[in-house]
Amino acid sequence: MDKKTHSFQAEVKQILHLVTHSLYSNKEIFLRELVSNASDACDKLRFEALDNGALYEDAPNLEVRVFFDAERKTLTVRDNGIGMSADEAIAHLGTIAKSGTREFMAKLEGDQKKDANLIGQFGVGFYSGFIVADRITVESRRAGLSPDEGVRWSSDGTGDFEVEPLHRPDRGTDVILHLRDGEEDFLRTWKLKSIIGKYSDHISLPILMKKEEWDSEKKEQVVKDEWETVNKAAALWTRSKSDVTDSEYQEFYKQISYDSQAPLAYTHNRVEGRSEYTQLLYVPAKAPFDLWNRDKRGGVKLYVKRVFIMDDAEALMPVYLRFVKGVIDSADLPLNVSRELLQESRDVKAIREGSTKRVLAMLEDVAENEKDKYAEFWKEFGAVLKEGIGEDHANQERLAKLMRFASTQADDGVSFTDYVGRMKEGQDAIYYITADTLATAKNSPQLEIFRKKGLEVLLLTDRVDEWMLSHLFEFDGKPLQSVAKGAFDLGKLQDEEEKKQAEVAAEAFKPVLEKLKEALKERAKDVRVTTRLVDSPACIVVDEGDMSSHLTRMLKQSGQSAPVSKPILEVNPDHALVKRLDADSRFDDLAQILFDQALLAEGGQLEDPAAYVQRVNRLLVA
Ligand code: ADP
């Protein structure tokens with residue numbers, strides 16, 4: 001094989017451009033990224049060597065070395081990990097294989113700020129070397145291949161890269177940065193040591209640098225030909241809690257999450273007993289761009305006895321906690337555990353249950369003690385947490401307490417507990433309404449009587465709310481009751497006098513009601529008199545067992561078939577428009593308009609808008 005020139009994938013070119021231009025203010029992170037890749041490469045070797053010990057060749061001690069050549073202005077990060085074959089170098093260092101690339105690029109394109117945060121979230125890793133280097137050369141040989149199957153990859157980070165064969169006896173990878181003019185700072189031992197201390201102390205492999213000593217004759221620091229370990233080299237989660245500072249926890253989070261913002265909260269515990277494991281779990285402050293992808297694997301890394309096993313082990317967390325990041329290190333699982341085995345393992349089940357409880361406890365703590373922070377969390381992840389109501393019955397009650405809603409009393413932050421605390425004497429249900437938007441919910445005619453009586457109603461406008469409500473029927477022994485479903489009955493909240501008046505009005509209205517039923521028989525399952533309205537002439541409700549109109553609409557919008565059941569029209573016999581119906585010669589037009597308007601008021605769409613417009617116009621010109 002000769003030297004060959006390849007072109008970067010289009011996305012890589014874009015990323016390279018973004019990285020070198022947007023991350024410049026925090027350029028030292030390139031070292032963190034390269035050391036992290038080196039450490040990953042060692043983890044991968046250790047993992048593959050579980051089945052094939054020969055891969056260690058004669059170098060079983062995995063390590064990372066960082067060294068420089070001040071004259072040639074190169075800085076090298078060397079590891080004796082898994083290495084890359086020529087094909088792998090071309091594939092991994094020329095393209096971005098990660099799923100979600102397209103969404104990510106689309107998001108960046110719309111984002112004028114070119115948010116460094118987002119870029120970090122995606123994990124630009126290797127390419128960050130180009131922040132400080134105008135050429136990067138990678139020399140590598142994959143474990144298990146012969147010394148003649150090494151590869152040299154080289155690029156100036158613009159459009160192309162070159163690949164050629166290389167004789168390389170040592171397994172592993174050298175990433176050689178040819179530093180740009182002005183980046184000589186990275187040719188100083190103290191500087192490099194301080195960056196490694198800041199970002200890479202928790203890396204569990206030793207990171208070695210050459211010793212430096214003061215030469216009293218030359219009167220300067222000289223680099224000796226002797227290596228020393230410059231990091232703590234103990235995986236952070238294996239250290240005792242009291243030994244780890246808050247900033248170390250934060251730094252570790254950034255490393256594993258690609259998130260440049262500090263996490264919202266974290267929890268670190270060693271669990272002993274039937275199943276033994278250590279968990280270090282974080283809740284991010286901001287939702288990732290692909291939060292809504294339910295197929296996305298979780299953010300928890302699995303280790304077994306400090307050996308890295310896999311990223312994104314989804315079996316360790318329920319789907320609704322897919323935003324949690326962190327590490328779980330088990331003392332019980334076999335080292336050769338696969339994803340399939342994980343799904344079935346009883347130990348994993350115990351770990352998942354334990355970790356779920358920990359995360360919920362962490363959220364409860366924030367909700368209790370840091371209300372503003374919890375509001376932030378809820379804005380980012382609330383809708384995902386709601387999925388848990390249906391998915392995790394064992395923790396349903398705890399989850400319900402963590403829910404926050406809008407209500408007729410506050411635009412956000414209302415918990416079931418708040419609601420129950422404000423319930424009126426004689427009120428025995430928790431009232432709610434679902435709608436597409438907060439405005440539709442707030443202006444819904446069904447709320448009128450509740451307003452008049454000072455009863456609070458929860459306003460639910462998230463897409464998952466309907467689904468959640470199909471799994472949650474009560475809170476604290478109080479049933480959840482839709483104000484747009486079933487016959488209206490406020491029970492003890494209505495006094496005898498009101499009830500009697502309503503009965504009289506209904507009786508008097510009977511003949512008109514029959515005519516309305518006849519006029520609307522194609523569209524309404526029933527027409528009845530109601531006391532739930534105060535200012536509006538009519539509203540749409542559905543039967544107790546039927547699907548809400550809001551859910552029916554959502555299903556239709558998403559192209560699914562929804563059962564067709566006609567709604568019920570309820571009319572307010574005290575309303576002026578309803579009162580004059582009977583005497584009016586345009587009864588039929590008025591009846592249809594009444595129905596259409598009730599539909600519009602609850603956010604529905606008319607099947608025949610043109611007919612509606614014609615009817616209204618006929619009235620206007622009359
Ligand atoms: P990420 O590490 O997030 O996958 P990078 O751009 O940093 O993204 O690296 C891309 C890929 O290149 C890695 O996934 C890995 O396969 C390969 N790679 C990078 N550095 C090394 C290394 N030191 N040894 C072996 N493979 C590496």
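1. A quick word on terms before we start: a residue is called buried when its relative accessible area is under 20%, exposed when over 50%, and partly exposed in between. Please keep in mind that this is a predicted model.

2. With that scale in hand, look at K525: its relative accessibility is 43%, so this lysine counts as partly exposed.

3. K525 sits in the loop between helix 16 (496–519) and strand 20 (526–529), while D546 belongs to the loop between strand 21 (538–541) and helix 17 (549–557), so the contact ties together parts that are 21 residues apart in sequence.

4. R528 meets E570 in a salt bridge, at 2.9 Å from N to O. The pair links distant parts of the chain, with R528 in strand 20 and E570 in strand 22 (residues 568–571), 42 residues apart. Both E570 and R528 are buried.

5. Another pair to inspect is D174 with R168, whose side chains meet in a salt bridge at 3.4 Å, N to O. D174 has 5% relative accessibility and so counts as buried; R168, at 8%, also counts as buried.

6. Finally, do have a look at the network of salt bridges that links R523, D589, D596, R615 and R618.

Key:
Residues are numbered from 1 along each chain as its sequence is written. This is a predicted model: local features need pLDDT of at least 70, side-chain atom pairs count only at pLDDT 80 or more; totals for chains, interfaces and linings use all residues. Side-chain values use heavy atoms; hydrogens and water are left out. A salt bridge is a side-chain nitrogen of Lys or Arg within 4 Å of a carboxyl oxygen of Asp or Glu. Buried means under 20% relative accessible area, exposed over 50%, partly exposed in between (1.4 Å probe, protein chains only). Helices (H or I, at least four residues) and strands (E, at least two) are DSSP runs, numbered from the N terminus.
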